[in-house]
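Try each one yourself before reading the solution.

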Amino acid sequence: MPLPRWLARVNKRVFNPIEIRRGVRPVLVHVGRSSGKTYRTPLDAHPLADGYLFIPMYGPRSDWVKNVLAAGAARLLLSGKEIELESPRIVKQRDVWPLLLTPTKPPPGISGDSELLKADVCQPR
């Protein structure tokens, strides 16, 4: 069950900037679908063999999810490296959780029916 939207607004304005400045968490860099503005969203990035899995704690209709899906790409800042992501898509938790490279318990409120965002790492062409 997604967290309440009012908490998302507080997080976006207060806690996200603090987390980005701290530089400890992975940061998803994405472009606004109407504004074209670049946004940075601190998130947990769960590694998969071919990409990363992100948990939209406020639901799959969160702005950052819609932005990444609309753009078809994003960048992940992780441990001082920038990783290009492509082919973002909504997946069910039950379908991808067994594929995580590091066994992890789902956060509270995340069930097999929860919709998560999966994106592939861009392959060199």
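**Exercise 1.** Is His30 buried or exposed? Then find out what surrounds His30.

*Solution.* Keep in mind that you're looking at a predicted model.
Step 1: locate the residue. His30 sits in strand β1, which covers residues 27–31.
Step 2: check the accessible area. For His30 the relative value is 3%. Buried means under 20%, so His30 counts as buried.
Step 3: look for partners. Skipping neighbours within four places in sequence, His30 is in contact with Lys37, Thr38, Tyr39, Thr41, Trp64, Asn67 and Val68. With one of these, Thr41, there's a polar contact between side chains, at 2.8 Å.

**Exercise 2.** Which elements give two or more residues to the largest nonpolar core?

*Solution.* Step 1: meet the core. It has 14 residues, and those touching the most other members are Leu28, Tyr52, Phe54, Trp64, Leu76, Leu85 and Leu117.
Step 1: list the elements. β4 (51–54), α2 (63–71), β5 (73–78), β6 (81–92) and β7 (115–121) each give two or more residues. The largest share, three residues, comes from α2.
Step 2: look beyond this core. Apart from it there's another core of nine residues, including Leu48, Ile55, Val91 and Val96.

**Exercise 3.** Where is Gln93, and is Gln93 buried or exposed?

*Solution.* Step 1: find the place. Gln93 belongs to helix α3, residues 93–96.
Step 1: use the cut-off again. The relative accessible area of Gln93 is 7%, so Gln93 is buried.
Step 2: name the contacts. Not counting residues up to four places away in sequence, Gln93 touches Pro98, Pro106, Ile110, Ser111, Gly112, Ser114 and Leu116.

How values were computed:
Residues numbered from 1 in each chain as written. Predicted model: local features only at pLDDT ≥ 70, side-chain atom pairs only at ≥ 80, totals over all residues. Heavy atoms only, no water. Helix = DSSP H or I, 4+ residues; strand = E, 2+ residues; numbered from the N terminus. Buried < 20%, exposed > 50% of the residue type's maximum accessible area, 1.4 Å probe, protein only. Polar contact = N/O pair within 3.5 Å; in protein donor to acceptor, adjacent residues only side chain to side chain. Contact = heavy atoms within 4.5 Å. Core = buried A, V, L, I, M, F, W, Y, C linked by side-chain atoms within 4.5 Å.
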